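Q: I am new to this structure and would like to learn how to read it. Please show it to me, and then take the features one by one.

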Amino acid sequence: MTTTHDVLIVGGGGAGLRAAIAVVEADPRLNVAIVSKVYPMRSHTVSAEGGAAAVIRAEDSIDEHAYDTISGGDWLCDQDAVEAFVNEAPKEMLRLEHWGCPWSREPDGHIAVRPFGGMKRIRTWFAADKTGFHLLHTLFQTSLKYQEIARYDEWFVTKLLVEDGRVRGVVAIELSSGRIETITAKAVILCTGGCGKVFPYTTNAQIKTGDGMALAYRAGGPLKDMEFVQYHPTGLPFTGILITEAARAEGGWLLNKDGYRYLQDYDLGTPQPGPVLRSMELGPRDRLSQAFVKEMEKGRTIDTPYGAVVHLDLRHLGAKLINTKLPMVRELCLDYENIDPIKEMIPVRPVVHYMMGGVSTDIHGATPVEGLYAAGEVACVSINGANRLGSNSLPELLVFGARAGVAAAEFVAGESEGRHSGATALALAQGEDERRRLERDVLGREGGGERIATIRSEMQSAMEQGAGIYRSAEEMAKCADKLRELQERLPSASIDDQSRTFNTELIAALELAHMLDIAETIVHSAQNREESRGAHQRIDFPKRDDERFLAHSLIHRNADGSARVEYPPVTITRWPPGERVYGR
Amino acid sequence: MDRSRELASETGRRIAVQVARYRPDRESEPTFQEYEIPLRKDWAVLDGLNHIKDELDGTLSYRWSCRMGICGSCGMTVNGEPKLACATFLTEYAPGPVRVEPLRNFPVVRDLVVDIGDFMQKLSVVQPWIIREDEEPPDGEYLQTPEELADYKQFSMCINCMLCYSACPIYGLNEHFLGPAAIALAQRYNLDSRDEGAADRMEALSSQTGVWDCTYVGECSVACPKGVDPAGAIQRYKLTAATETIKSFLMPRGRR
């Protein structure tokens, strides 16, 4: 059975929902659908905490937001994309307000803003410290108003159908029934988010397995800047649960085992009692995570059963501030660490948080594959360059989700009817091939092999060792070898579950295949970038090298499965590369 | 997590977990399967299930995602009570056994996975979006004071985890009842100073299957892991609805 849509959106998180609404508003006659492996309100946007940046105050300016973003990204951002982003972010955030997002307020009723890392002005909107939760539920509930938006809830996409360089639809499995179906579409927008689960310690949810990146990569869409993986400096040690940057923005301190604010030793400024913008604890995430590793090497961190930690101290902020502005921090610490941050220090360590790289798109969300778009964390436009600033990702998914929706709607409207009727014979044949592959290679697999979890866990350990905060040619080569070995082992891993009904073991196997492909692109891109920039730090190439690498890594998959990397230049409009200065 | 397994073996304590199994293509009705797993201080029930899935039995199915109590995926019945598996710790049930079943009052799809399609329908019925008369919103934001925000904030905290429906005896008897979360979310918009849609939501809320079905047992508010207090939302709406009904008798009905 085959169904057809004008625009099919893969992923129902913030970017996907925003894109869907944009499609309907652009042209209500279009037939749009969202296919997502979870119900939309379970999407990982829900876990974002601290806030969303957009210029709103008179003393702030669009140019300053652009400069903070570009310098924060170590000049790897495309500046035309950043300009579009900072220009449109306020309008998008106001739309969220009009749709009912419960933004925190000033006493006079205006939107309240808070400081955030790497930002020179106070411009981060927030809904207490559950900003992503409220943003997602506002978008989801608002999307229900648009009855034109069809949904495939709990369907897992296994393949993009591409014919003659243009997208024709997807193949997907309905979890509840195990039914495998070809869904054709004139345009497809990938909004599947990041891939943090490639690493062992991450703030990312279980579902963040790089699906959209792998789907695009296999279908001929190149990935951009995959070596840039953001470690967030403050995760809880066992679970990787995020303690929001807002905790530092409100005045929290990072202390080593001697109770010393160690960031002052890493060119991040001098300690003041209160928070200072672009200084100390409000430096950018890459620099703070790197400082942690240096402290650990000096033996000044605290040992725990889950490795080294430092302390995040909020005690001096007092119960009132913590309860009103950081309630989720307190709730998470009490529930998961049995620690009350009003009275005790929070143990934290850097954990993988965000993927700067992703499916390469232009500033309209279009990929080089005709009719295929991407937006949100799955995409790399790039506005985040070598290091994303905290509170830029939520406005990014709004701005570029909307842009991709509009662009996809225009694409569908602008093409002649005959050319993209969607369900071509060749696309349907591809769909049938994929169905057979799933039946034979995956569902028909024998038991008795090694466990999926074994391969996953070995991949995660290899990635932490080889592609972590600091990297070297030697460790990366070992990691690449390991990944190749795991790729060979994966096809014979056991899938004991032969049921068609809600077979989560089958999904775990397909997700792991996605993750292994993505892990290889991360390591391959990292091996080839012989410099240190933002989140990509090479101990064998410690300096930034603008001569050779003021360029994006664009990784393509060759027909034989091997990879090749090209280096298109970064777009510079008004901000020539300079030194990143924090705290001085 | 190799390290956590190491730690578990250091302490050596274990706990039995009895998990409800149901595969419609194999079994005609649910059965229990028992697994013995390490009892770790920092393991939630979800970590125990993940241990089973990863190490002992890959065929066990359940939903989970964020592991931080915000995505709402992992609602289950743990020793008879509706809980988020990620926020409920195994040690609370030591020495065991712990009994893990699917949420009650929903059709079971498979093992611990329930069908929440009914709620998804009902959510749309209460129109959980801002309704206003004006054609175009202002250039800037709608002003809303912190006090006005506080009027509805509590009801906006619902994560749709379905624990309240599982706890609600009325929903258990009458599947047509709109239910706690849907009513709380309707009130979330009714009480928002930016919204003018209370009249549009009234039909669904005041109907036979709306608030009047609720007999104020209050189990929903006990079960809610986010302090939403749906029972309070329902009681408050009953008062509103009663007042509106009286008004409709007293006053001539004009154009809204």
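A: Start with contact: two residues are in contact if their C-beta atoms, placed from the backbone, lie within 7 Å. Helices (H or I, at least four residues) and strands (E, at least two) are DSSP runs, numbered from the N terminus. This is a predicted model, in which local features need pLDDT of at least 70 and side-chain atom pairs count only at pLDDT 80 or more, while totals for chains, interfaces and linings use all residues. Residues are numbered from 1 along each chain as its sequence is written, and chains are lettered from A and ligands numbered from 1 in the order in which they are written.

Q: What do the buried residues of helix 9 of chain A pack against?
A: They pack against helix 6 (246-249), helix 8 (318-325) and strand 15 (346-355) of chain A.

Q: Which residues of helix 9 of chain A are buried?
A: A residue is buried if 20 or more other C-beta atoms lie within 10 Å of its own, exposed if 12 or fewer, and partly exposed in between. In helix 9 (residues 327-337) of chain A, the buried ones are A:Met328, A:Val329, A:Arg330, A:Leu332, A:Cys333 and A:Tyr336. After this helix comes A:Asn338, with a positive phi near 55°.

Q: Where else is phi positive?
A: One case is A:Asp267, which is not a glycine and has phi near 55°. A:Asp267 sits in the loop between strand 12 (253-255) and helix 7 (285-297) of chain A. Another case is B:Met162, also not a glycine, with phi near 80°; its place is the loop between helix 4 (146-153) and helix 5 (163-167) of chain B.

Q: Why does B:Met162 count as buried, and why is A:Asp267 partly exposed?
A: B:Met162 counts as buried because it has 24 C-beta neighbours inside 10 Å. A:Asp267 is partly exposed because 14 other C-beta atoms lie within 10 Å.

Q: How do I read a sheet?
A: Strands of a sheet pair through backbone hydrogen bonds, either parallel or antiparallel. Here two strands pair if DSSP finds at least two bridges between them. Chain B has an open sheet of 5 strands in the order 2-1-5-3-4, with mixed pairing. Its edge strands, strand 2 (31-38) and strand 4 (81-84) of chain B, each pair on one side only.

Q: Which strands of chain B pair in the parallel sense, and over how many bridges?
A: Strand 1 (residues 14-21) and strand 5 (residues 98-101) of chain B do, over 3 bridges. Within this pairing, B:Val19 has B:Val100 in strand 5 of chain B as its bridge partner.

Q: What is the sense of the pairing of strand 3 and strand 4 of chain B?
A: They pair in the antiparallel sense, over 4 bridges. B:Met76 stands opposite B:Lys83 in strand 4 of chain B. The hairpin of these strands has 2 residues between them, and B:Asn79 in this hairpin takes a positive phi near 45°.

Q: Where are cis peptide bonds found?
A: One runs from B:Ala94 to B:Pro95, with omega near 5°, and B:Pro95 lies in the loop between strand 4 and strand 5 of chain B. Another runs from A:Val381 to A:Ser382, with omega near 15°.

Q: How many residues of chain B are in contact with chain A?
A: 47 residues of chain B are in contact with 47 residues of chain A. Helix 1 (2-11), helix 2, strand 6 (108-110), helix 3 (117-125) and helix 4 of chain B each supply at least two residues of the side of chain B that touches chain A.
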